[in-house]
Structure formats: C-alpha cells, structure tokens
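Hello,

Here is the structure I promised to pass on. Please look it over before you read my notes.

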Amino acid sequence: MSDYIKRAALVRPTERQLAWQGMEFYAFIHFGINTFTDKEWGLGNEDPAIFNPIAFNADQWVDTCKAAGMRGLIFTCKHHDGFCLWPSKYTDHTVKNSPWRDGHGDAVLEVSEACRRGGIKFGIYLSPWDRHERNYGSGKYNEYFKNQLKELLNNYGDIFCVWFDGACGEGLNGKRQVYDWEGYCRLVREFQPSAVISVCGPDVRWCGNEAGYCRESEWSVVPACSLGIEEVQEKSQKVDNGEFSKRINLEDSDLGSREVIRDAGELIWYPAEVNTSIRPGWFYHSSEDDSVKSLEELVKIYYGSVGGNANFLLNIPPDKNGLIHGNDARRLKELGDYLKEEFRQNLAKNARVFSKDIAEETYSAEKVIDGNKNTFWCPDEGVQYPELTIAFDKPAVFNKVVLMEHIQSGQRVESFALSYKENGEWKEFYQGTVIGYKKICCFEKILARYLKLVINQSRWRPEITSVGVF
Ligand code: FUL
C-alpha cells in the first residue's frame, strides 16, 4: 500500500473531537434582539428596552431538545447586532438595560443551568462580527471580544463547543475588523480545554452550506488547507434575508478521496457538522409559524448527516415570549419518537455474527455487537475483500443497517457492500463508500436470515466497532 494512504489511515481525532462526535444531534438556539424586531440581522442600534421575553423558560427549551433526541444546545449569547444576553461588564448593550427580570436577568446563566439540570451539554455562539461596538474595526475590539469570551468561558460551567461564525461585515462605524482568531482559540483552550472550536476553528468543519446537505462521502481526514477561515467567510450567508447558502459547491464535493489526499501534504482530522434551521430563518418570525420543516425533511437531513459521518446542528428559534413555539415543539417530539421507534430493537444483538477473515480472536466479529466502543472487528491485513456475516435465528425483516468504525484509530473504509442470502445465493442490495463514525444505510424492507457486509476498499485494515440491524 502506498505511503500516503497509510499516512491518511493513521490520522486520528483528539479526545475533544471524539467526545464531540458522540454528541450526534444537538440544537442551535438563535434568540436575542432580532426576535423582537422580526429581523435576521440587527443593525446594532436597537434599544435594549425592546428585549422582554415575559415567559422565558429555558427548561422548556431543554425539554424540547431532549424530546427530539438531542444531546446538547448551542446558544447565541451575542449575534451580529452586538446585544449581549448576559450582563457583560464590558458594555451597556446587554440584558441589564432591558426590562426583562427588571434588568437582573442573565439568559446565558439560565440556559446553561437548564442544560445541566436536564443532563444535556451546553455550548456557546459568540459572533465576532459586532455592529454595535464602537471599537469595532480596531485592535481594541479584539481585546473587547476576548474579554467577553473570557466571561463566557469562566462563568457558566462546562462548555462543549464554542461556535465561531464566519460572517464578517462592517460595524456601525463602517469599519471592518481583522479578527485575532489565534488569540480567541488560545483562550478557549486555556479555560475550556475540552470544548471543540467549530467552523472558524480547528476542531469541527462546516459542511459548506446551511441547507442541511451533506456529501455522499464525508471524510473526517482532509488536507490541512481545508482549515480556511477566509473561505468560510466567503461562503457564509451574505444577505440579510434569511436565505441560506443552498448547496455544496461542486468543486468541494470531494475533500478526502485518494485523488485529493495524494499530493495534499499535511492531513488533519477535521470532521463535518451540518447546520440548518427548522424554519426558513435562524431567528423567530411569526410569519414562519407554518413553515416548520416536515418530519420527512428532518428525517432525511438526520440520515444524511448523523447517518453520513457528520453531526447535525438543528436550529430552533424561541419566540418573543421566550418559548419554543408549539409547531416546532410538536415536530421535534415527532422526530424524537420516530427515531426511537426506528432504532428500538437491534436485530443483530441476538444473532450469530462471524467472520473467517480475522488474524486473532481479539478482533473477532462478535465485537460489533458487544456494545463496547473500544472493541472492534478487524480483518487480517492480507484479506482483499473481508466479510462479516450475521445469521438470525429465523428470517427477519429490516430496512436499515447502521455501521460504525472505531474512529479512535482513524477513518479507513472507502467502499463496502451489503448482501442478503436468498435461495442459497447472495444478493447484493446496497453499496456504500465511507463509514466513519456512523453510516446509516436505508433501503426497502428485506426479509432474510443471512446478511453480509463486505469491505471492498479500505485504507489499511478496517476496524468496525458496531453493526446494527433495524
Ligand atoms: C451565519 C449568520 O449570519 C446567521 O445569522 C446565522 O447565525 C448562521 C448560523 O450563521 O453566518
């Protein structure tokens, strides 16, 4: 095997990236001054007095997230308008000058505490672009931003993710800012070493659009040059109309195949996140109450992202009262119920799982059903098309197979196929490319007693930690 392929096979995630990958599905919460002006982007000159979410209840948000099966929440502590949802001591443009909780409120505190009570993780979004702050466009602004970041990193407990937006425009003063990304990242590492830094950061890659599309083959191992903050800025939403950048640029549809990595130089672990909103806009607009994405759309995005080696960040914007609207909450509950039902019973658990292609028992086929993410099936190096077979007691009906690689060792599978046995003959019914952390293979219902996974191409030895049949 060529050197560059083995080199790619050995690129591994950091501990924080590994923990983040296990989050799978979590919420984005866009809430703030725009909620009260019915805008997507505020100008920065809004009066804090208009911020008054009279029924604000972060526990309702957390309950809604949990009903959907989400494991965390990322909160817009400050959006481009510069209004702070916590009483930052570095500006007056905050909740303390609003009538909400008589100026004694701290939305970041309430949300972070609700997350902890509810047992989900808490993350922050802090927009570097600030249309309010006078110093925007000068070195002083970087200090201001870092001071605010420090407040958030130090006063609200554990943070799983710091989400840095790529949008960069002018401040009220007409100036543009040169951001000190390195300085921002250093602070996150210092005060929240377990947090990933997403999008304009080194840990989590933006999938490249805001419409929920994912690549067919989403590699977590990509050339180091994919870490381009300027490029993220270039492709971020440009206009204030809530319209998302709809599609992946075709040039970027392949970030990690052998052709791409061959001459790429340094390779890094930079896994993808898919972000989109449950409504057309990121912030709440009553005019969009009937435009909540359908269950079918959400399921499709879920299978494409969580089922396609990416994490899914779904935005749910609370309304002016500070509550998630019933239409959204109902849809999210439907989604959670649907997913629970679809993945209720793993038929592989009680089946016989075997493979003749192993070199030693440590890596036997049963490891894919032992529920332990540190053990795996690993075929011997010389086997060209390693196979793993699942035999059910009696013919079973299924329409999904969930495959997971042991990504602690890297991402390796490039091509695989699934077959079932009918009248003594194997019939191939599904072909896939990458697996990565998780691949959910969906297909028409099949009735069969035997199911087979064949790895057709892999970078070095594949390590499969889990196979589920549903
Ligand atoms: C974009 C922003 O401009 C949008 O308002 C939203 O916050 C989205 C997640 O990121 O860059």
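The notes below cover the pockets and then a sheet.

This is a predicted model: local features need pLDDT of at least 70, side-chain atom pairs count only at pLDDT 80 or more, and totals for chains, interfaces and linings use all residues. Numbering starts from 1 along each chain as its sequence is written, and side-chain values use heavy atoms, without hydrogens and water.

The largest pocket holds about 940 Å³ of space. (A pocket is an open set of points on a 1 Å grid over the protein atoms alone, where a 1.4 Å probe fits, with protein on both sides within 12 Å along at least five of seven lines; lining residues have an atom within 4 Å of a point.) It has 40 lining residues, and E24, R71, M404, Y437 and K438 are the closest to its centre. The lining divides into 18 nonpolar, twelve polar and ten charged residues, with Gly counted as polar and Tyr as nonpolar.

The second largest pocket has a volume of about 540 Å³. Its lining has 21 residues. Helix 10 (295-305) gives the most, with five residues. Helices (H or I, at least four residues) and strands (E, at least two) are DSSP runs, numbered from the N terminus.

Two strands pair if DSSP finds at least two bridges between them. Strand 1 (25-29) and strand 2 (72-78) are joined by three bridges. F28 stands opposite I74 in strand 2.

Best wishes

Notes:
Points joined across faces, edges and corners; volume = space filled by probe spheres on them.
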